[in-house]
Structure formats: structure tokens, C-alpha cells
Amino acid sequence: MTDTAVDSRTPLTLLGAGAMGTALARAWLAAGHQVTVWNRTPARAEALAADGATVARTAAEAVAAHRLVIACLLDDASVDDALDGADLTGRDLVNLTTGTPAEGRARAAWATARGARFLDGGIMAVPPMIGVPDSGGYVFYSGSPEAFEEHRDTLAVPAGTRYVGADPGFAALHDVALLSAMNGMFAGMLHAFALIRREDIAPKDFAPLLADWLTAMAPAVHQTADQLQSGDYTKDVVSNLAMQAAGIPTFLRTAEEQQVSPELLAPYLELMRKRVAQGHGEEDGTGMIELLMEGTH
């Protein structure tokens with residue numbers, strides 16, 4: 001690679017040198033990008049100097065160094081604190097700090113008012129996946145389509161990119177929606193292991209069965225999407241809600257027999273019961289979304 005090719009790589013500023021920020025910085029540095037980094041705790045930023053990063057004394061100094069500014073901080077309030085007093089005129093601000101859709105939209109308006117283009121990001125990866133080809137990690141981006149197109153290649157260096165729309169809240173919404181599904185899966189997984197915990201069943205023997213079962217059930221997301229799209233919650237139903245609800249006493253009695261709290265499953269089972277009681281027993285479980293949309297029960 002020639003020096004000209006290296007020099008053509010977009011220089012960038014990174015605010016935040018925690019575990020994720022450090023992984024991002026090292027990926028860009030390894031790819032030949034000039035990186036200026038700032039962190040509230042200077043020692044963390046200094047550790048990146050050995051990898052070739054330029055360490056800024058202040059966040060404002062870091063922002064002034066390059067047009068592309070990426071924030072990967074603790075929370076939305078940390079972004080406020082870091083950028084207080086920084087001149088964002090003509091900058092492209094990419095916020096990879098975990099937040100809510102409303103925070104993403106508010107930050108976009110805030111950045112635009114200060115003369116910057118804005119992208120919000122939701123990182124679907126853990127630090128060891130960053131900069132590792134084929135790790136499966138990627139980042140949702142939403143906001144300025146022009147900023148995304150200009151910086152697509154640079155943003156793709158640490159992890160894959162998935163642009164989900166001009167609405168700056170969509171990256172966070174996709175991020176939290178997927179993480180919510182993940183937490184629901186983990187809740188079921190923990191309950192399953194709790195049920196066998198007191199028995200002569202090796203967790204390592206049970207784990208492949210559980211993984212295979214969850215994998216086999218995962219395609220149900222497509223049927224749910226199809227039912228939501230059509231508005232017909234009875235479409236292609238294999239096991240209707242009334243039949244599923246009939247198994248609730250068995251789930252609860254088994255938990256009681258195994259001396260396991262049902263608290264991870266109880267909210268889901270209660271929604272199932274309520275939907276059936278409303279006369280929707282012929283539907284799939286998709287109809288329970290209508291209860292969730294009510295906000296309270």
C-alpha cells in the first residue's frame with residue numbers, strides 16, 4: 001500500500017476510551033486511519049498513544065482536530081458534558097453512545113442546531129468482536145443519509161454497517177428491540193437451567209439440547225412479522241393461544257415441584273391468559289402485542 005493510499009483514509013476524532021472505545025480506536029488505527037482520542041480519564045486515552053493515536057487534552061481540542069467526530073461514551077449526559085463548549089460547525093457527529101430513540105432524535109436536533117450533520121449508532125457487538133472480520137458484529141446507523149454515504153467505508157472498518165433510515169431514532173430503536181428479544185431469550189434460558197439444577201442432569205449435556213431447540217424456534221419471528229403485516233393473527237396458526245395457555249398450569253406446577261421461582265415466565269404467561277380471556281384463543285401469540293401496546297395491564 002502506498003503512502004498516498006494511507007493518507008487518503010479519513011482522519012477521525014474519538015471521544016471515549018472505555019472498553020468499546022478502545023476497541024474501535026485500535027481497529028481504525030490498524031487500518032491506517034489517523035485517530036485523535038480524548039477520554040475523561042486521561043490514562044485510558046494515553047494507553048492508545050502506543051498504538052499511534054494522538055491524545056487530546058480536552059474534548060473541544062479533539063473535536064477541533066477532525067471533521068468526523070465519533071462519540072462512544074457512558075450515556076447521553078456524558079455526551080452533553082463532553083461536547084459542552086465544543087465547536088461543531090461543519091462537523092459530522094456520529095454518536096455510538098447507547099441511548100433511547102428519543103435521545104437520538106433530540107441529539108440530532110441539538111447537533112443540527114450547532115451546524116453539524118448527525119448519525120446515531122447502535123452497536124450490536126461486544127468489544128472482542130470489533131475489528132475482527134466475520135465476527136458477526138455490526139452497527140445500526142440512522143440520521144443524515146449524506147453523512148452515512150460519505151463515511152460508510154470508514155464506519156465499516158471496526159464492524160459491519162446497517163443503515164436503517166433518516167429518522168435518527170431508528171438506530172437506537174433497532175438496537176434496543178434486538179437486545180430486548182435477547183434478554184427475553186436469556187430469561188427463558190435461565191429458567192430452563194434452574195428447572196434442572198437440582199437434578200442429576202449435567203448442564204453441559206442439557207446445553208446442546210437447549211441451543212438446538214431455541215435455534216429451531218427462531219424462524220417463528222418470520223411468521224409473527226407476516227401476521228403483523230397482514231393484520232391476521234390467525235394466519236397459519238399451528239398451536240393457537242388457547243392451546244398454549246392450557247399448558248400454563250403445567251409450567252407453574254413444574255416450577256413449584258422443582259422449587260424454582262416462576263417470576264421470569266409469569267408476566268408472559270399472564271399476558272397469554274389475558275388475551276385468551278378476551279376471546280382471542282384462536283390466534284397465535286402475536287396478538288399479545290396488542291396488550292403490550294396498551295402500555296399498562
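**Exercise 1. Determine how the lining of the second largest cavity divides by residue class, and which elements supply it.**

Step 1. By class, three nonpolar, five polar and one charged residues line the second largest cavity. Ala, Val, Leu, Ile, Met, Phe, Trp, Tyr, Cys and Pro count here as nonpolar, Asp, Glu, Lys and Arg as charged, and the others, Gly among them, as polar.

Step 2. The lining residues are Leu96, Thr97, Thr98, Gly99, Gly121, Gly122, Ile123, Ala172 and Asp175. On a 1 Å grid over the protein atoms alone, a cavity is a set of points where a 1.4 Å probe fits but cannot get out, whereas a pocket is an open set with protein on both sides within 12 Å along at least five of seven lines; a lining residue has an atom within 4 Å of a point.

Step 3. Strand 6 (117-124) and helix 8 each give two or more residues to this lining. Strand 6 makes the largest share, three residues. Helices (H or I, at least four residues) and strands (E, at least two) are DSSP runs, numbered from the N terminus.

Step 4. The volume of the second largest cavity is about 30 Å³. A volume is the space filled by probe spheres set on the grid points, which are joined across faces, edges and corners.

The model is predicted: local features need pLDDT of at least 70 and side-chain atom pairs count only at pLDDT 80 or more, while totals for chains, interfaces and linings use all residues. Residues are numbered from 1 along each chain as its sequence is written, and side-chain values use heavy atoms, with hydrogens and water left out.

**Exercise 2. Describe the lining of the largest cavity.**

Step 1. The whole structure holds two cavities of 30 Å³ or more, and the largest has a volume of about 50 Å³.

Step 2. Its lining consists of Asp75, Asp76, Val79, Asn95, Thr97, Thr98, Gly99, Thr100, Glu103, Gly104 and Asp120. Helix 5 (76-83) and helix 6 (101-113) each give two or more of these residues.

Step 3. One nonpolar, six polar and four charged residues make up this lining.

**Exercise 3. Characterise the second largest pocket.**

Step 1. This pocket has a volume of about 420 Å³.

Step 2. Of the 22 residues that line the pocket, Gly16, Gly18, Cys72, Leu73 and Leu74 lie nearest its centre. The elements giving two or more residues are helix 2 (19-30) and helix 8 (170-196), and helix 2 has the largest share, three residues.

Step 3. The classes are eleven nonpolar, eight polar and three charged residues.

**Exercise 4. Locate the largest nonpolar core and the contacts of Ile130.**

Step 1. The largest core has 30 residues, and Leu14, Leu24, Ile70, Val94, Leu96 and Ile130 have the most contacts inside it. A nonpolar core is a set of buried (under 20% relative accessible area, 1.4 Å probe, protein chains only) Ala, Val, Leu, Ile, Met, Phe, Trp, Tyr and Cys residues joined through side-chain atoms within 4.5 Å.

Step 2. Helix 2 gives the most to this core, with seven residues.

Step 3. Beyond four places in sequence, Ile130 is in contact (heavy atoms within 4.5 Å) with Met20, Ala23, Leu24, Ala27, Ala125, Pro158 and Ala159.

**Exercise 5. State the confidence of the model.**

Step 1. The mean pLDDT (the predictor's confidence in each residue, from 0 to 100) is 95, and 97% of residues reach 70 or more.

Step 2. Over residues 1-6, pLDDT stays under 50, and the model has three contacts beyond four places in sequence for them.

How values were computed:
Buried < 20%, exposed > 50% of the residue type's maximum accessible area, 1.4 Å probe, protein only.
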